[in-house]
Amino acid sequence: MYDRIYNFSAGPATMPEPVLEEIRDEMMNYRGSGMCVMEMSHRSKVFQQIAREAQEDLRELMGIPDNYKILFIQGGATLQFSMIPMNLLKAGAADYIVTGSWSKKAYKEAKKFGDIRLLASSEDRNFSYIPDCSDLPVNPEADYVYICENETIHGTTFQQLPNTKGRVLVSDQSSMFLSQPCNVSDYGLIYAGVQKNVGPAGMVVVILREDLIRDDLDDKLPVYLNYKTHADSDSMYNTPNCWCIYCCGKVFRYLKNTGGLEAMHRRNQEKAKPLYDFLDQSKLFRGNVEPQFRSLMNVTFATGSKELDAETVAAAKAAGFDNLNGHKSVGGLRASIYNAMPKAGVEALVAFLEKFEAEHR
Ligand SMILES: *Cc1c(COP(=O)(O)O)cnc(C)c1O
(Lines give C-alpha, C1' and ligand atoms only; values in the text may rest on other atoms or scores of the structure.)
Protein backbone atom coordinates (compact mmCIF):
# COMPACT_ATOMS: atom_id res chain seq x y z
CA MET A 1 0.00 0.00 0.00
CA TYR A 2 2.89 2.37 0.70
CA ASP A 3 5.13 1.33 -2.20
CA ARG A 4 8.11 0.89 0.04
CA ILE A 5 11.41 -0.25 -1.45
CA TYR A 6 14.34 -2.21 -0.03
CA ASN A 7 16.52 0.45 1.53
CA PHE A 8 20.13 -0.62 2.09
CA SER A 9 21.22 2.72 3.55
CA ALA A 10 23.99 2.63 6.16
CA GLY A 11 22.18 5.27 8.20
CA PRO A 12 19.71 6.69 8.81
CA ALA A 13 18.42 3.30 7.88
CA THR A 14 15.39 1.13 7.48
CA MET A 15 13.15 0.54 10.51
CA PRO A 16 10.84 -2.37 11.28
CA GLU A 17 7.55 -1.86 9.46
CA PRO A 18 5.38 -2.97 12.40
CA VAL A 19 7.05 -0.22 14.45
CA LEU A 20 6.40 2.42 11.80
CA GLU A 21 2.78 1.31 11.65
CA GLU A 22 2.39 1.61 15.40
CA ILE A 23 3.90 5.08 15.33
CA ARG A 24 1.52 6.00 12.51
CA ASP A 25 -1.45 4.80 14.51
CA GLU A 26 -0.40 6.85 17.54
CA MET A 27 0.56 9.95 15.60
CA MET A 28 -2.47 12.18 16.15
CA ASN A 29 -3.45 11.03 19.62
CA TYR A 30 -1.00 9.06 21.72
CA ARG A 31 -3.05 6.64 23.82
CA GLY A 32 -5.76 9.08 24.78
CA SER A 33 -3.41 11.94 25.66
CA GLY A 34 -5.00 13.99 22.87
CA MET A 35 -1.64 14.83 21.37
CA CYS A 36 1.29 13.49 19.42
CA VAL A 37 4.45 12.51 21.29
CA MET A 38 6.18 15.33 19.38
CA GLU A 39 3.93 17.80 21.14
CA MET A 40 4.39 16.58 24.69
CA SER A 41 6.30 18.11 27.55
CA HIS A 42 9.25 15.95 28.43
CA ARG A 43 8.25 16.48 32.08
CA SER A 44 4.71 15.19 31.56
CA LYS A 45 3.67 11.95 33.21
CA VAL A 46 2.84 10.39 29.89
CA PHE A 47 6.27 11.09 28.42
CA GLN A 48 8.08 10.14 31.62
CA GLN A 49 6.49 6.74 31.28
CA ILE A 50 7.60 6.43 27.66
CA ALA A 51 11.19 7.22 28.65
CA ARG A 52 11.14 4.93 31.67
CA GLU A 53 9.77 2.00 29.68
CA ALA A 54 12.34 2.55 26.94
CA GLN A 55 15.10 2.32 29.52
CA GLU A 56 13.62 -0.71 31.24
CA ASP A 57 13.09 -2.56 27.97
CA LEU A 58 16.64 -1.87 26.84
CA ARG A 59 17.99 -3.01 30.19
CA GLU A 60 16.05 -6.25 29.95
CA LEU A 61 16.87 -6.82 26.28
CA MET A 62 20.63 -6.53 26.77
CA GLY A 63 20.71 -7.81 30.34
CA ILE A 64 22.34 -4.60 31.51
CA PRO A 65 23.49 -5.02 35.12
CA ASP A 66 22.26 -2.62 37.81
CA ASN A 67 25.63 -0.94 38.16
CA TYR A 68 25.39 0.48 34.64
CA LYS A 69 23.55 3.66 33.71
CA ILE A 70 21.67 4.05 30.44
CA LEU A 71 21.98 7.57 29.05
CA PHE A 72 20.18 9.14 26.09
CA ILE A 73 22.39 11.97 24.80
CA GLN A 74 22.23 14.19 21.74
CA GLY A 75 25.10 15.05 19.42
CA GLY A 76 25.14 11.68 17.70
CA ALA A 77 27.91 9.14 18.02
CA THR A 78 30.39 11.81 16.99
CA LEU A 79 30.06 13.79 20.20
CA GLN A 80 31.12 10.66 22.06
CA PHE A 81 34.49 10.82 20.28
CA SER A 82 35.05 13.89 22.50
CA MET A 83 32.98 13.09 25.58
CA ILE A 84 34.73 9.76 26.15
CA PRO A 85 38.25 11.20 26.58
CA MET A 86 36.90 14.29 28.36
CA ASN A 87 35.21 12.13 31.00
CA LEU A 88 37.29 8.97 31.20
CA LEU A 89 40.85 10.29 31.06
CA LYS A 90 41.95 10.37 34.67
CA ALA A 91 45.58 9.26 34.54
CA GLY A 92 45.51 10.93 31.11
CA ALA A 93 46.28 8.02 28.79
CA ALA A 94 44.25 5.75 26.54
CA ASP A 95 44.92 3.13 23.86
CA TYR A 96 43.03 3.06 20.57
CA ILE A 97 42.60 0.17 18.15
CA VAL A 98 41.98 1.61 14.70
CA THR A 99 40.11 -0.70 12.34
CA GLY A 100 38.41 1.81 10.04
CA SER A 101 37.22 5.34 9.48
CA TRP A 102 35.15 5.63 12.63
CA SER A 103 37.78 4.46 15.08
CA LYS A 104 40.32 6.60 13.25
CA LYS A 105 38.16 9.66 13.73
CA ALA A 106 37.67 8.84 17.40
CA TYR A 107 41.44 8.36 17.81
CA LYS A 108 42.21 11.70 16.18
CA GLU A 109 39.71 13.49 18.37
CA ALA A 110 40.96 11.87 21.58
CA LYS A 111 44.50 13.03 20.85
CA LYS A 112 43.41 16.54 21.80
CA PHE A 113 42.89 15.40 25.37
CA GLY A 114 45.79 13.25 26.54
CA ASP A 115 48.47 10.65 25.91
CA ILE A 116 46.61 8.67 23.28
CA ARG A 117 48.41 5.73 21.70
CA LEU A 118 47.67 3.69 18.63
CA LEU A 119 47.59 0.17 20.04
CA ALA A 120 46.87 -1.65 16.77
CA SER A 121 45.68 -0.80 13.28
CA SER A 122 44.49 -2.57 10.16
CA GLU A 123 45.09 0.37 7.87
CA ASP A 124 47.98 -1.47 6.16
CA ARG A 125 45.45 -3.60 4.25
CA ASN A 126 42.73 -1.00 3.74
CA PHE A 127 40.94 -1.93 6.95
CA SER A 128 39.90 -5.26 5.45
CA TYR A 129 40.51 -7.25 8.64
CA ILE A 130 40.65 -7.03 12.44
CA PRO A 131 44.13 -7.30 13.94
CA ASP A 132 44.93 -10.00 16.48
CA CYS A 133 44.13 -8.30 19.77
CA SER A 134 44.80 -11.20 22.11
CA ASP A 135 48.17 -10.00 23.42
CA LEU A 136 48.72 -6.35 22.60
CA PRO A 137 51.17 -4.16 24.53
CA VAL A 138 48.41 -2.33 26.42
CA ASN A 139 49.65 0.72 28.31
CA PRO A 140 49.30 -0.25 31.99
CA GLU A 141 48.49 3.41 32.70
CA ALA A 142 45.69 3.56 30.13
CA ASP A 143 42.35 4.72 31.47
CA TYR A 144 40.67 2.74 28.73
CA VAL A 145 41.12 0.78 25.51
CA TYR A 146 38.92 1.93 22.65
CA ILE A 147 37.42 -0.05 19.77
CA CYS A 148 34.78 0.41 17.10
CA GLU A 149 33.21 -3.01 17.23
CA ASN A 150 31.64 -2.91 13.77
CA GLU A 151 33.17 -0.60 11.18
CA THR A 152 30.19 0.59 9.16
CA ILE A 153 32.17 1.88 6.19
CA HIS A 154 34.57 -1.03 5.75
CA GLY A 155 32.27 -3.86 6.85
CA THR A 156 34.39 -5.52 9.52
CA THR A 157 33.40 -6.83 12.95
CA PHE A 158 35.35 -7.93 16.00
CA GLN A 159 34.61 -11.64 16.49
CA GLN A 160 36.42 -11.56 19.81
CA LEU A 161 36.89 -8.62 22.13
CA PRO A 162 40.48 -7.48 22.66
CA ASN A 163 42.39 -8.59 25.71
CA THR A 164 42.66 -5.24 27.48
CA LYS A 165 44.81 -6.68 30.27
CA GLY A 166 42.51 -5.36 32.92
CA ARG A 167 41.98 -1.91 31.43
CA VAL A 168 38.45 -0.62 30.83
CA LEU A 169 37.02 -1.43 27.40
CA VAL A 170 35.11 1.27 25.51
CA SER A 171 33.18 0.26 22.40
CA ASP A 172 31.42 2.10 19.60
CA GLN A 173 28.59 -0.30 18.72
CA SER A 174 26.67 2.14 16.52
CA SER A 175 26.22 -0.11 13.52
CA MET A 176 25.76 -3.40 15.40
CA PHE A 177 23.83 -2.30 18.48
CA LEU A 178 21.23 -4.92 19.42
CA SER A 179 22.15 -7.13 16.48
CA GLN A 180 23.38 -9.93 18.76
CA PRO A 181 23.67 -10.74 22.46
CA CYS A 182 26.19 -8.61 24.32
CA ASN A 183 27.82 -9.30 27.66
CA VAL A 184 27.67 -5.76 29.01
CA SER A 185 29.95 -6.44 31.96
CA ASP A 186 32.87 -6.97 29.56
CA TYR A 187 32.77 -3.22 28.93
CA GLY A 188 33.14 -0.01 30.89
CA LEU A 189 31.25 1.98 28.29
CA ILE A 190 29.21 1.02 25.23
CA TYR A 191 27.70 3.62 22.98
CA ALA A 192 25.66 3.63 19.82
CA GLY A 193 24.26 6.29 17.55
CA VAL A 194 20.75 4.96 17.12
CA GLN A 195 20.13 5.87 13.47
CA LYS A 196 21.97 2.81 12.21
CA ASN A 197 20.26 -0.14 13.80
CA VAL A 198 17.52 1.27 16.02
CA GLY A 199 15.65 4.48 15.33
CA PRO A 200 15.69 7.96 13.83
CA ALA A 201 18.82 10.11 13.84
CA GLY A 202 19.77 12.51 16.57
CA MET A 203 20.58 10.50 19.65
CA VAL A 204 23.15 8.20 21.12
CA VAL A 205 22.62 5.55 23.77
CA VAL A 206 25.47 5.39 26.27
CA ILE A 207 25.71 2.43 28.65
CA LEU A 208 28.18 3.37 31.31
CA ARG A 209 29.50 1.59 34.38
CA GLU A 210 28.67 3.74 37.39
CA ASP A 211 32.14 3.84 38.90
CA LEU A 212 33.37 5.63 35.76
CA ILE A 213 31.10 8.59 36.47
CA ARG A 214 33.18 11.22 38.22
CA ASP A 215 32.42 13.81 40.86
CA ASP A 216 35.51 15.91 40.16
CA LEU A 217 34.54 17.23 36.73
CA ASP A 218 31.71 19.64 37.55
CA ASP A 219 33.97 22.69 37.34
CA LYS A 220 36.03 21.40 34.46
CA LEU A 221 33.62 20.34 31.74
CA PRO A 222 30.77 22.04 29.93
CA VAL A 223 27.72 20.83 31.80
CA TYR A 224 26.19 18.99 28.85
CA LEU A 225 29.43 17.11 28.17
CA ASN A 226 29.68 15.65 31.66
CA TYR A 227 28.24 12.13 31.92
CA LYS A 228 27.34 12.91 35.51
CA THR A 229 24.88 15.57 34.34
CA HIS A 230 22.96 12.99 32.33
CA ALA A 231 23.27 10.23 34.91
CA ASP A 232 22.03 12.42 37.78
CA SER A 233 19.04 13.69 35.81
CA ASP A 234 18.04 10.43 34.14
CA SER A 235 18.86 12.00 30.75
CA MET A 236 16.41 14.86 31.44
CA TYR A 237 18.82 17.65 32.37
CA ASN A 238 17.49 19.56 29.40
CA THR A 239 14.89 18.67 26.79
CA PRO A 240 15.96 15.31 25.41
CA ASN A 241 15.21 14.05 21.92
CA CYS A 242 11.74 12.94 22.99
CA TRP A 243 10.69 11.71 19.59
CA CYS A 244 13.77 9.57 19.22
CA ILE A 245 13.39 8.08 22.70
CA TYR A 246 9.80 7.19 21.82
CA CYS A 247 10.74 5.53 18.50
CA CYS A 248 13.70 3.68 20.00
CA GLY A 249 11.47 2.47 22.82
CA LYS A 250 9.15 0.99 20.22
CA VAL A 251 12.05 -0.87 18.63
CA PHE A 252 13.30 -2.16 22.01
CA ARG A 253 9.82 -3.51 22.72
CA TYR A 254 9.58 -4.99 19.24
CA LEU A 255 12.89 -6.82 19.67
CA LYS A 256 11.76 -8.13 23.04
CA ASN A 257 8.53 -9.41 21.53
CA THR A 258 10.26 -11.11 18.61
CA GLY A 259 12.54 -13.31 20.67
CA GLY A 260 15.25 -10.97 21.95
CA LEU A 261 18.85 -10.64 20.85
CA GLU A 262 19.65 -14.31 20.40
CA ALA A 263 16.79 -14.72 17.96
CA MET A 264 17.83 -11.48 16.26
CA HIS A 265 21.38 -12.75 15.92
CA ARG A 266 20.17 -15.98 14.35
CA ARG A 267 18.03 -14.07 11.89
CA ASN A 268 20.94 -11.78 11.07
CA GLN A 269 23.23 -14.75 10.38
CA GLU A 270 20.63 -16.41 8.18
CA LYS A 271 20.09 -13.12 6.38
CA ALA A 272 23.72 -12.29 5.62
CA LYS A 273 24.59 -15.80 4.47
CA PRO A 274 22.97 -15.80 1.01
CA LEU A 275 24.69 -12.51 0.15
CA TYR A 276 28.14 -13.65 1.29
CA ASP A 277 27.61 -17.03 -0.38
CA PHE A 278 26.79 -15.23 -3.59
CA LEU A 279 29.89 -13.03 -3.32
CA ASP A 280 32.11 -16.04 -2.65
CA GLN A 281 31.16 -17.72 -5.91
CA SER A 282 30.69 -14.61 -8.05
CA LYS A 283 33.09 -13.96 -10.91
CA LEU A 284 32.04 -10.31 -11.11
CA PHE A 285 31.76 -9.13 -7.50
CA ARG A 286 34.19 -9.63 -4.66
CA GLY A 287 33.73 -9.07 -0.95
CA ASN A 288 36.13 -6.45 0.49
CA VAL A 289 36.66 -8.11 3.86
CA GLU A 290 38.59 -11.20 4.89
CA PRO A 291 35.90 -13.82 5.56
CA GLN A 292 36.44 -14.32 9.28
CA PHE A 293 35.98 -10.60 10.01
CA ARG A 294 32.88 -10.00 7.93
CA SER A 295 30.12 -7.87 9.37
CA LEU A 296 26.59 -9.21 9.53
CA MET A 297 25.35 -5.64 9.22
CA ASN A 298 27.38 -3.92 6.49
CA VAL A 299 28.35 -6.04 3.51
CA THR A 300 30.99 -4.33 1.35
CA PHE A 301 31.91 -5.52 -2.12
CA ALA A 302 33.10 -4.31 -5.51
CA THR A 303 33.65 -5.34 -9.11
CA GLY A 304 37.09 -3.80 -9.40
CA SER A 305 35.82 -1.27 -11.94
CA LYS A 306 34.46 2.08 -10.82
CA GLU A 307 32.24 2.31 -13.87
CA LEU A 308 30.76 -1.11 -13.36
CA ASP A 309 30.22 -0.44 -9.65
CA ALA A 310 28.30 2.72 -10.56
CA GLU A 311 26.33 0.84 -13.19
CA THR A 312 25.37 -1.81 -10.64
CA VAL A 313 24.23 0.81 -8.14
CA ALA A 314 22.13 2.60 -10.76
CA ALA A 315 20.55 -0.59 -12.11
CA ALA A 316 19.82 -1.74 -8.55
CA LYS A 317 18.14 1.55 -7.73
CA ALA A 318 15.97 1.28 -10.82
CA ALA A 319 14.99 -2.22 -9.69
CA GLY A 320 13.94 -1.03 -6.21
CA PHE A 321 17.13 -1.56 -4.19
CA ASP A 322 18.26 1.81 -2.93
CA ASN A 323 21.44 3.15 -1.31
CA LEU A 324 23.80 0.39 -2.39
CA ASN A 325 26.72 2.70 -3.10
CA GLY A 326 29.75 2.24 -0.89
CA HIS A 327 30.87 5.11 1.33
CA LYS A 328 32.50 7.82 -0.75
CA SER A 329 35.86 7.18 0.94
CA VAL A 330 36.07 3.55 -0.22
CA GLY A 331 33.79 3.33 -3.28
CA GLY A 332 32.36 0.03 -4.48
CA LEU A 333 29.09 -1.20 -3.07
CA ARG A 334 27.72 -1.67 0.40
CA ALA A 335 24.52 -3.39 1.45
CA SER A 336 23.61 -2.44 4.99
CA ILE A 337 21.35 -5.22 6.20
CA TYR A 338 20.51 -4.14 9.72
CA ASN A 339 18.00 -5.82 12.04
CA ALA A 340 15.05 -4.28 10.21
CA MET A 341 16.02 -5.53 6.75
CA PRO A 342 13.93 -8.63 6.05
CA LYS A 343 15.57 -11.76 4.70
CA ALA A 344 13.35 -11.41 1.64
CA GLY A 345 15.12 -8.10 0.89
CA VAL A 346 18.53 -9.77 0.86
CA GLU A 347 17.27 -12.69 -1.22
CA ALA A 348 15.75 -10.32 -3.73
CA LEU A 349 19.02 -8.39 -3.88
CA VAL A 350 20.99 -11.59 -4.49
CA ALA A 351 18.60 -12.55 -7.30
CA PHE A 352 19.12 -9.10 -8.80
CA LEU A 353 22.92 -9.34 -8.56
CA GLU A 354 22.88 -12.82 -10.13
CA LYS A 355 20.90 -11.52 -13.05
CA PHE A 356 23.13 -8.46 -13.37
CA GLU A 357 26.18 -10.68 -13.40
CA ALA A 358 24.73 -12.97 -16.06
CA GLU A 359 24.11 -9.94 -18.25
CA HIS A 360 27.55 -8.44 -17.74
CA ARG A 361 29.85 -11.38 -18.07
C1 LIG B 1 27.56 6.52 11.83
C2 LIG B 1 28.61 6.18 12.81
C3 LIG B 1 29.16 7.16 13.66
C4 LIG B 1 28.76 8.61 13.60
O5 LIG B 1 27.44 8.79 13.95
P6 LIG B 1 26.76 10.24 14.02
O7 LIG B 1 25.52 9.97 14.78
O8 LIG B 1 26.54 10.68 12.62
O9 LIG B 1 27.68 11.14 14.74
C10 LIG B 1 30.11 6.73 14.56
N11 LIG B 1 30.51 5.46 14.65
C12 LIG B 1 29.99 4.50 13.84
C13 LIG B 1 30.47 3.10 13.98
C14 LIG B 1 29.03 4.83 12.91
O15 LIG B 1 28.53 3.88 12.11
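So, contacts first: in this protein chain, take the contacts (heavy atoms within 4.5 Å) between residues at least 6 apart in sequence, and 68% of them join residues at least 24 apart. Before I go on, this is a predicted model, where local features need pLDDT of at least 70 and side-chain atom pairs count only at pLDDT 80 or more, while totals for chains, interfaces and linings use all residues. Residues are numbered from 1 along each chain as its sequence is written, and side-chain values use heavy atoms, with hydrogens and water left out.

Okay, the overall picture. The chain has nine helices and 14 strands; those are DSSP runs numbered from the N terminus, with helices being H or I of at least four residues and strands being E of at least two. Its radius of gyration is 21 Å, close to the 21 Å that the globule rule gives for 361 residues, so the chain is as compact as a globular protein of that length. That radius is taken over C-alpha atoms, and the rule is 2.2 Å times the number of residues to the power 0.38. Of the 361 residues, 56% count as buried, meaning under 20% relative accessible area with a 1.4 Å probe, protein chains only.

To count as a pair, two strands need at least two DSSP bridges between them. Strand 11 (residues 286-287) is joined to strand 12 by two bridges, and strand 12 to strand 14 (residues 333-336) by four.

What stands opposite Phe301 in strand 14? That's Leu333.

Strand 12 covers residues 298-302, and five of its five residues are buried. In a regular strand the side chains alternate between the two faces of the sheet. Here, Asn298, Thr300 and Ala302 point one way, and Val299 and Phe301 the other.

Last stop, the lining of the largest cavity. Its residues, which have an atom within 4 Å of a cavity point, include Phe72, Tyr224, His230 and Pro240.

Key: 1 Å grid on protein atoms, 1.4 Å probe; cavity = no way out; pocket = protein on both sides within 12 Å on 5 of 7 lines; lining within 4 Å. Buried < 20%, exposed > 50% of the residue type's maximum accessible area, 1.4 Å probe, protein only.
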